[in-house]
Amino acid sequence: MNVNLRINEIVIGEGVDLPRSMRRVLQAAVETELTRLLTENGLPHSLAQDYRIPGMQVDLELKGKTSPDHLGKMVAQSIYEKLIK
């Protein structure tokens, strides 16, 4: 089965300093982690058909400095958790 997932935009809130040069690292981390979660756990049955989510808010509690790679994993895990609910 092929899954096409498109994330148009990730908006990072105030207080998170993410240099422009690290945005690709964040993007790659989100893609990698979502791929891993979907591969290991499968696609939720509710999303087996053509399904669109117009927007999704993910609230993360960040403590201290967080690397773009770790932030991307956290974002992907939060997205997946919302998808399976």
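Tutor: A salt bridge here is a side-chain nitrogen of Lys or Arg within 4 Å of a carboxyl oxygen of Asp or Glu. By that rule K73 and D69 form one, with their closest N and O atoms 3.7 Å apart. Keep in mind that this is a predicted model.

Student: Where do K73 and D69 sit relative to each other in helix α2?
Tutor: K73 and D69 are 4 residues apart in helix α2, so about one helical turn separates them.

Student: And is K73 buried, exposed or partly exposed?
Tutor: Partly exposed, because its relative accessibility is 36%. D69 also counts as partly exposed, at 36%.

Student: How many salt bridges turn up in the whole structure?
Tutor: The search finds 3. Besides K73 with D69, R36 meets E33 at 2.7 Å, N to O, and E40 forms a bridge with R36, the closest N and O atoms being 2.7 Å apart.

Student: What joins E33, R36 and E40?
Tutor: Salt bridges with shared partners, which make one network of E33, R36 and E40. R36 and E33 both lie in helix α1, 3 residues apart, about one turn. E40 and R36 are in α1 as well, 4 residues apart, again about one turn.

Student: Why would such side chains pair up at all?
Tutor: Side chains of opposite charge can pair when their charged atoms come close.

Student: OK, how about burial: what does E33 count as?
Tutor: E33 counts as buried, because its relative accessibility is 6% and the cut-off for buried is under 20%. R36 is partly exposed at 33%, while E40 counts as exposed at 54%.

Student: Which residues of α1 are buried?
Tutor: L26, A29, V30, E33, L34, L37 and L38. Looking down the axis of α1, these buried residues fall within an arc of 150 degrees, so they line one face of the helix. The face turned away from the buried side carries the exposed residues R24, T32, T39 and E40.

Student: What covers the buried residues of α1?
Tutor: The cover includes α2, residues 68–84.

Student: And what happens just after α1?
Tutor: G42 takes a positive phi there, about 80 degrees.

Student: Last topic, the nonpolar core. Which residues touch the most other members?
Tutor: The largest nonpolar core has 13 residues, and L26, V30, L34, V75, I79 and Y80 touch the most other members. The elements giving two or more residues to this core are α1 and α2. The largest share, 6 residues, comes from α2.

Student: What does I79 touch?
Tutor: I79 touches I7, L34, M56 and V58, not counting residues up to four places away in sequence. Of those, L34 is among the buried residues of α1.

Technical notes
Residues are numbered from 1 along each chain as its sequence is written. This is a predicted model: local features need pLDDT of at least 70, side-chain atom pairs count only at pLDDT 80 or more; totals for chains, interfaces and linings use all residues. Side-chain values use heavy atoms; hydrogens and water are left out. Buried means under 20% relative accessible area, exposed over 50%, partly exposed in between (1.4 Å probe, protein chains only). The arc is that of the directions from the helix axis to the C-beta atoms. Contact means heavy atoms within 4.5 Å. A nonpolar core is a set of buried Ala, Val, Leu, Ile, Met, Phe, Trp, Tyr and Cys residues joined through side-chain atoms within 4.5 Å.
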